[in-house]
Amino acid sequence: MTQQASPEPNQPSSRLPVFDVNMRSEDMEKMVKNAERASNFLKAISHEGRLMILCHLASGEKSVTELEDLLSARQAAVSQQLTRLRLEGLVKPRRDGKAIYYSLTDDRPRQIIEVVYELFCRSE
């Protein structure tokens, strides 16, 4: 497998779309909707507590109680952040008796967490 060369600094990545002033209105509308979805996603993960919840859920399903313990946070605070993540479609609940368990809805948060980890957490 060959690695693609990185673009030169100040050169656009081949994976990024090029904005064309002659873009069709349908394409522009799609781009605006995608930008809104991306912005909402980034806002949802921009809170330290929500980001930590997603980090813990990236390793698998956790109960609200487990998350409280992992975060050293009160149940009300954890529930508030889980509600926001659920409204954004990033986590999903599962009830088992009195316990509520949360897991990631898809792989997007895990992918972002991996990038954030590479950029901010990995030792050089």
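F120 is exposed, with a relative accessibility of 66%. Here exposed means over 50% relative accessible area, buried means under 20%, and partly exposed lies in between (1.4 Å probe, protein chains only). The areas come from the Shrake-Rupley method with a 1.4 Å probe, and for residues only the protein chains shown count as cover. F120 sits in helix α5, residues 108-121. Helices are DSSP runs (H or I, at least four residues), numbered from the N terminus.

V115, L119 and F120 make a nonpolar surface patch of about 360 Å². Patch residues have over 30% relative accessible area and no salt bridge; nonpolar side chains (Val, Leu, Ile, Met, Phe, Trp, Tyr) are joined within 5 Å, like charges within 9 Å.

## Model and conventions

This is a predicted model, in which local features need pLDDT of at least 70 and side-chain atom pairs count only at pLDDT 80 or more, while totals for chains, interfaces and linings use all residues. Residues are numbered from 1 along each chain as its sequence is written, and side-chain values use heavy atoms, with hydrogens and water left out.

## E68, buried without a partner

E68 lies in helix α3, residues 64-71. E68 is buried, yet has no salt bridge. The nearest side chain of opposite charge belongs to R74, 9.2 Å away. Lys and Arg count as positive, Asp and Glu as negative; His and the chain ends are not counted.

What does E68 touch, not counting residues up to four places away in sequence? The contacts are A73, R74, Q75 and V78. Contact means heavy atoms within 4.5 Å.

## Salt bridges

Side chains of opposite charge can pair when their charged atoms come close. The whole structure holds seven salt bridges. Each needs a side-chain nitrogen of Lys or Arg within 4 Å of a carboxyl oxygen of Asp or Glu.

D106 pairs with R108 at 3.1 Å, N to O. D106 is partly exposed, at 31% relative accessible area. R108 is also partly exposed, at 32%. R110 bridges to D107, with the closest N and O atoms 2.6 Å apart. R110 counts as partly exposed at 28%. D107 is partly exposed at 36%.

Salt bridges with shared partners join R24, E26 and D27 into one network. Within it, D27 and R24 meet at 3.3 Å, N to O. D27 is partly exposed, with a relative accessible area of 31%.

How values were computed
Helices (H or I, at least four residues) and strands (E, at least two) are DSSP runs, numbered from the N terminus.
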